[in-house]
Amino acid sequence: MKRYDAIAAGISHISQNRLRAGLSILGICIGIASVLCMIAIGEGAKQIITDDIEKLGGSNQVQFWTRTSIWKNRRLIRRTTERYTLEDVDSIESECPDVLFALPKSDRMRGTITNRDGGHIYFYVEGVTAAYSQGLRWKVQTGRFFTENEIDSAAQVCVLGATAAEELFGKATALGREVRIKLHWRQTPIRCRVVGIMTPKGRSLRSYYSLDETVFLPLTTHLQRLSGDHYIYGFTVFFKKDADVYRVIAYVKEVLRKRHRGKEDFIGYWIPKGTVRRLEHIQQVIQIALGSIAGFSLFVSGIGIMNICLVSVGER
């Protein structure tokens, strides 16, 4: 029998038994689709987390935050009084090996930002250093970021997120314009000149707000003129690619213990690499579970297709 005759005979048989052929094709499609969905779900979840970490500066970082209280079995044991300082960050940069640089930051608080035309927004205000845009790989769309001189002198300048600039000034240019910022309704606002606008960044999975809805101030300006705090909320340590993250954390804790009289209960941290590893472990578990389901689906579909084939052969 020639190939053409075989194909013609097969098509003729399928057309004569449409229901049987349709069920066979459906079984094959369900088995293949279950395997493809299993792969897509696992890879998609991993890619989402990886992209989000890259959005915040990459996985070669450790974010340190302040533990204000100690809990055990859902009960408050005690509160902590130690806080990070700018001198702590300077010591970490100079004393810890494998550390490229550290970015201190103030506590992120909502504030009222107004312009001379009466426009106002209620967005987050954050104090950062000159290396912030470099660390987070966040480019300036228009203008520039802060300089070291502005950080040292606590200059009254600010950089706006893309959404903040649009809400305040619309399509008009915001560079060189003046805004007034305050954190509390009784507080006297400080005047700041806009020196830059950031490129759109979007929303992060670890935050419930858009990163573009942020107004940045020099860290010293935020501490001295706005919040009045003498400490920082946390800092981010960026380290070399081939460095061991837990070794970096150990060095940072050692420096902090030296500077805080042996105390370390106030030190909290988050490791992006650890999140990726946990995600990979979860992905493996999901793949095993979905793989088992997909295998069972293929097995059942195979039995159904085999029975239909046997019936077809018996009829012929």
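The lining of the second largest pocket divides into ten nonpolar, two polar and five charged residues, where Ala, Val, Leu, Ile, Met, Phe, Trp, Tyr, Cys and Pro count as nonpolar, Asp, Glu, Lys and Arg as charged, and the others, Gly among them, as polar. The model is predicted, with local features needing pLDDT of at least 70 and side-chain atom pairs counting only at pLDDT 80 or more, while totals for chains, interfaces and linings use all residues. Residues are numbered from 1 along each chain as its sequence is written, and side-chain values use heavy atoms, with hydrogens and water left out.

This pocket has a volume of about 260 Å³, and among its 17 lining residues Leu-86, Asp-90, Pro-104, Thr-129 and Ile-151 lie nearest its centre. A pocket is an open set of points on a 1 Å grid over the protein atoms alone, where a 1.4 Å probe fits, with protein on both sides within 12 Å along at least five of seven lines; lining residues have an atom within 4 Å of a point. The volume is the space filled by probe spheres set on the points, which are joined across faces, edges and corners. The largest contribution to the lining, five residues, comes from α3, and the elements below each supply at least two residues.

| Element | Residues |
|---|---|
| α3 | 86–95 |
| α5 | 148–152 |
| α7 | 219–227 |

Helices (H or I, at least four residues) and strands (E, at least two) are DSSP runs, numbered from the N terminus.

Strand β4, which also supplies lining residues, belongs to an open antiparallel sheet of four strands in the order β4-β12-β1-β13. Because β4 (99–105) and β13 (267–270) stand at the edges with a single partner strand each, one side of each is left without a neighbour in the sheet. β4 and β12 (residues 234–239) pair over six bridges, pairing requiring at least two DSSP bridges, and Val-99 has Phe-239 as its bridge partner in β12.

The rings of Phe-64 and Phe-235 have their centres 5.0 Å apart and their planes at 15°, so the pair is stacked (centres within 6.5 Å, planes under 30 degrees apart).

Definitions and conventions. Phe/Tyr/Trp six-rings, centres within 6.5 Å; stacked < 30°, edge-to-face > 60°.
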